[in-house]
Amino acid sequence: MTRLSEILLPTQEPSDRLQTYPLSIAPMMDRTDRHYRYFMRQITRRTLLYTEMVTSAAIKHGDKDYLLGFSPMENPLALQVGGDNPQDLAECARLAESMGYDEINLNVGCPSDRVQSGHFGACLMKTPDRVAKCIEAMIAAAKIPVSVKHRIGVDDLDRYEDMQNFVRILSEAGCQRFSVHARKAWLQGLSPKDNREVPPLRYADVHLLKKEFPYLFIEINGGFTTLEQAHEQLQYVDAVMIGRAAYDNPYLFSICDLEFFGEETPIRSRVEVAEAMIEYIDQWTAKGLRLHKITRHMLQLFHGQAGSRIWKRILTDKSCIAGAGSEVIREAIAAVSSL
């Protein structure tokens with residue numbers, strides 16, 4: 001195995017543009033939209049949040065306010081983009097900075113067929129020099145941090161040395177923050193869901209990456225469902241990214257600001273979180289947004305609690321009714337509180 005000490009690298013120190021967050025919620029398609037993020041901000045103010053992945057082509061040609069708009073309350077917030085054109089990605093970085101995003105993240109981990117057909121996502125791990133050109137262009141275009149989310153490998157390019165070489169090339173291009181999904185990706189034969197579950201987790205590879213690149217900010221992702229697991233991982237890496245568990249059990253993050261950021265602010269109860277969403281819901285439904293676009297993200301607020309079933313039933317049954325508004329939330333709160 002090639003060790004970092006055997007590779008000639010310049011001495012590097014962390015840039016003052018790099019912002020460090022020990023905990024983040026992973027970008028998830030059809031999950032981490034602006035309404036989910038606003039909801040999570042009622043639970044945790046400090047955890048780094050990500051958008052869903054947005055392609056550089058969509059940003060270039062689409063409705064930027066619809067695709068990229070967010071409330072300042074959602075910060076700290078990173079925009080995740082997909083693409084392989086340095087010029088287009090540079091423009092995305094400039095736009096992200098001008099809109100107030102705290103970071104821009106390049107997706108080099110998604111294995112879906114749609115992503116592969118656009119030649120971005122996990123398949124880019126096979127062309128690190130191309131990714132490096134994208135990173136260089138993005139860094140030159142904006143002052144916010146540029147990060148990369150990637151797998152430990154792809155197809156047969158899955159030795160530790162392959163990932164080590166990938167990270168080395170990108171770090172020489174200026175990238176200092178890497179979010180590493182500790183599973184390899186198969187580009188053929190596995191669905192995106194299976195790619196999140198079937199390839200074995202190799203946490204030790206990510207731990208070794210941090211050991212051999214101590215000047216880089218290394219975040220680990222993959223399979224974490226508890227805060228105890230996150231605390232354990234912080235013995236080996238700089239940060240932990242939690243994905244599906246953050247959606248399936250959002251209140252898990254209620255103590256994160258205290259435990260991971262040392263912020264001693266009052267922890268809202270689940271009911272207080274729900275009540276804090278009422279004004280937001282009123283604002284959006286007044287604009288014509290269907291209530292379920294917001295409440296679908298709130299279904300698991302009472303996960304593991306006695307009132308979970310009735311909470312989900314009321315929100316599911318009544319949020320899709322035309323004209324439904326915050327009265328549905330009030331009814332669900334009253335039902336849960338009466339138990």
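The legends below describe close-up views of a predicted model.

**Figure 1. Packing of helix α6 against helix α7.** Helix α6 spans residues 128-141 and helix α7 spans residues 160-172. Their axes come within 8 Å and cross at roughly 25°. Since angles under 35 degrees count as roughly parallel, α6 and α7 are therefore roughly parallel to each other. The crossing of α6 and α7 is right-handed. On the α6 side the contact is formed by P128, D129, V131, A132 and I135, and on the α7 side by F166, I169 and L170. By class, the residues of this contact are 7 nonpolar, no polar and 1 charged.

**Figure 2. Packing of helix α4 against helix α6.** Helix α4, residues 86-99, packs on α6 at an angle of about 35°, and the two axes are 8 Å apart. This crossing is right-handed. P86, L89, A90, A93, R94 and E97 are the contributing residues of α4, and R130, K133, C134, A137, M138 and A141 are those of α6. The contact of α4 with α6 holds 8 nonpolar, no polar and 4 charged residues.

Figure 3. A96 belongs to helix α4. With a relative accessible area of 0%, A96 is buried. Leaving out residues up to four places away in sequence, A96 touches L79, Y101, I104 and I144. A137 is 41 residues from A96 along the chain, and the C-alpha atoms of A96 and A137 are separated by 14 Å.

Figure 4. Strand β6 covers residues 146-151; 6 of its 6 residues are buried, so β6 is largely enclosed by the rest of the structure. V146, V148 and H150 point one way from β6, while S147, K149 and R151 point the other way. The residues on both faces are buried, K149 and R151 included. Strand β5, residues 103-108, pairs with β6 in the parallel sense over 5 bridges. Within this pairing, V108 has H150 of β6 as its bridge partner. Strand β7, residues 177-181, runs parallel to β6 and is joined to β6 by 5 bridges. Here V148 stands opposite F178 of β7.

Figure 5. Strand β1, residues 23-25, runs parallel to β9, and 3 bridges join the two. S24 has M241 of β9 as its bridge partner. Strand β8, residues 217-221, also runs parallel to β9 and is linked to β9 by 3 bridges. In that pairing, I220 is bridged to V240 of β9.

Figure 6. H231 is found in helix α10, which spans residues 227-233. H231 is partly exposed, with a relative accessible area of 33%. E259 and F260 are the residues that H231 touches, not counting residues up to four places away in sequence. P22 lies 209 residues from H231 in sequence, yet the two are 9.5 Å apart in space, C-alpha to C-alpha.

Figure 7. T295 is part of helix α15, residues 292-295. T295 has a relative accessible area of 1% and is buried. Apart from residues up to four places away in sequence, T295 touches L315, S319 and I329.

Figure 8. M298 is placed in the loop between α15 and α16, the latter being residues 308-318. M298 is buried, with a relative accessible area of 0%. Setting aside neighbours within four places in sequence, M298 is in contact with F39, A274, M277, I281, W311, L315 and I329. Among these, L315 and I329 are also touched by T295. H35 is 263 residues from M298 in sequence and 9.6 Å from M298 in space, C-alpha to C-alpha.

How values were computed. Residues numbered from 1 in each chain as written. Predicted model: local features only at pLDDT ≥ 70, side-chain atom pairs only at ≥ 80, totals over all residues. Heavy atoms only, no water. Axes fitted to C-alpha atoms, helices over the stretch in contact; angles between N-to-C directions. Helix = DSSP H or I, 4+ residues; strand = E, 2+ residues; numbered from the N terminus. Parallel < 35°, antiparallel > 145°, perpendicular 65-115°, else oblique. Left-handed = near helix turned anticlockwise from the far one by under 90°. Contact = heavy atoms within 4.5 Å. Nonpolar A, V, L, I, M, F, W, Y, C, P; charged D, E, K, R; others polar. Buried < 20%, exposed > 50% of the residue type's maximum accessible area, 1.4 Å probe, protein only. Pairing = 2+ DSSP bridges.
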